[in-house]
Amino acid sequence: MASEKEPTVIKKYANRRLYHTGTSSYVTLEDLAGLVRGGEDFVVYDAKSGEDITRSVLAQIIFDEEAKDGQNLLPIAFLRQLIRFYGDSMQALVPRYLEFSMDHLTKDQGQFREQMTKAFTGGAFGTGALDAIQQQTRANMTLFTDAFRMFNPFTAAAAAAKAKEEGTAAPAKGDDLGDLKRELGEMRERLDKLTKTK
């Protein structure tokens, strides 16, 4: 269970040095990576402006890890697709999807590791490893497909066509922006429910 304590405060100075306020000592990005691996939360503030720069520091840690031989976790195709999402209409959904997927993978990592161990037992790469990965991917996609359906731009048109076929009144055409805001709110509620039930 995660600790409820406040995250550790790290200050970054103009000379690019990082100061750990909890231990009153200077730390490196590698030290911060160790804190993350150990489950310790921290926030990084620019010492002069007070701006929260945690995201950029974590991104720098990932960049450094990716630069090490044999440490690559982010496939090139994934990085390209991620870049394509910047400025795209789906950009707002990507962080929640990635967070949800990583939370799901983290919760199921024990079972996943066991499946991978069984798949690799005997020294030969079996199809069991691929099956485990595919099963995990399908589970994530199934959960999110339902959530993404409500953002299909043709959802309203499909609902109106279905209502017309069934002879019921079509939904009233209201303010498109208001409808989108309402749908976004509904999706957030569904995502929150999905996250809490998994």
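1. The sheet. Four strands make an open sheet, ordered β3-β2-β1-β4, with mixed pairing. Strands β3 (25–27) and β4 (42–46) are at the edges with a single partner strand each, so one side of each has no neighbour in the sheet. On average, neighbouring strands of this sheet are turned by 35° against each other, direction ignored. Strands here are DSSP runs of E with at least two residues, helices are runs of H or I with at least four residues, and both are numbered from the N terminus. Two strands count as paired if DSSP finds at least two bridges between them.

2. Basis of the model. This is a predicted model, in which local features need pLDDT of at least 70 and side-chain atom pairs count only at pLDDT 80 or more, while totals for chains, interfaces and linings use all residues. Residues are numbered from 1 along each chain as its sequence is written, and side-chain values use heavy atoms, with hydrogens and water left out.

3. The chain overall. The protein chain has eight helices and four strands. Along the sequence the pattern reads β-β-β-α-β-α-α-α-α-α-α-α. Of the 198 residues in the protein chain, 19% are buried. Buried means under 20% relative accessible area, exposed means over 50%, and partly exposed lies in between (1.4 Å probe, protein chains only). Take the contacts in the protein chain with a separation of 6 or more: residues 24 or more positions apart account for 50% of them. A contact means heavy atoms within 4.5 Å.

4. Strand β1 and its two partners. Strands of a sheet pair through backbone hydrogen bonds, either parallel or antiparallel. How do β1 and β2 run? They run antiparallel, and three bridges join β1 to β2 (residues 18–20). Strands β1 and β4 run parallel, joined by five bridges. Here Lys12 has Asp46 of β4 as its bridge partner.

5. Thr8. This residue lies in strand β1 (residues 8–12). Is Thr8 buried or exposed? Thr8 has a relative accessible area of 11%, so Thr8 is buried. Setting aside neighbours within four places in sequence, Thr8 is in contact with His20, Glu40, Asp41, Phe42 and Val43.

6. Positive phi in the loops. Most residues other than glycine have a negative phi. Arg16 is a residue other than glycine with a positive phi, near 70°. Arg16 sits in the loop between β1 and β2. The hairpin of these two strands has five residues between them. Arg16 has a relative accessible area of 70%, so Arg16 is exposed. Ser24, in the loop between β2 and β3, is also not a glycine and has a positive phi, near 50°.

7. Gly50. Find Gly50 in the loop between β4 and α2. Its relative accessible area is 43%, so Gly50 is partly exposed. How many residues separate Gly50 and Lys11 in sequence? They are 39 residues apart in sequence and 8.7 Å apart in space, C-alpha to C-alpha.

8. Helices α1 and α2. Two packed helices are described by the angle between their axes and the distance between the axes. The axes of α1 (residues 29–37) and α2 (residues 54–67) come within 10 Å and cross at roughly 100°. The two helices are therefore roughly perpendicular to each other. From α1, the contact is made by Leu29, Glu30, Leu32, Ala33, Val36 and Arg37; from α2, by Val57, Leu58, Gln60, Ile61, Asp64 and Glu65. By class, this contact has seven nonpolar, one polar and four charged residues. Axes are lines fitted to C-alpha atoms, for helices over the stretch in contact, and angles run from 0 to 180 degrees between N-to-C directions. Angles under 35 degrees count as roughly parallel, over 145 as roughly antiparallel, 65 to 115 as roughly perpendicular, and the rest as oblique. Ala, Val, Leu, Ile, Met, Phe, Trp, Tyr, Cys and Pro count as nonpolar; Asp, Glu, Lys and Arg as charged; the others, Gly among them, as polar.

9. Helix α3. This helix spans residues 76–85, and zero of its ten residues are buried, so α3 lies largely in the open. Gly87 follows α3 and has a positive phi, near 85°.

10. The annotated span. UniProt, in an unreviewed entry, places the feature "domain: PHB accumulation regulatory" at residues 74–113. UniProt positions are given in the numbering used here, feature names are shortened, and annotations may be inferred rather than shown by experiment. Residues 74–113 are 72% helix and 0% strand, and the end C-alpha atoms of the span lie 19 Å apart.
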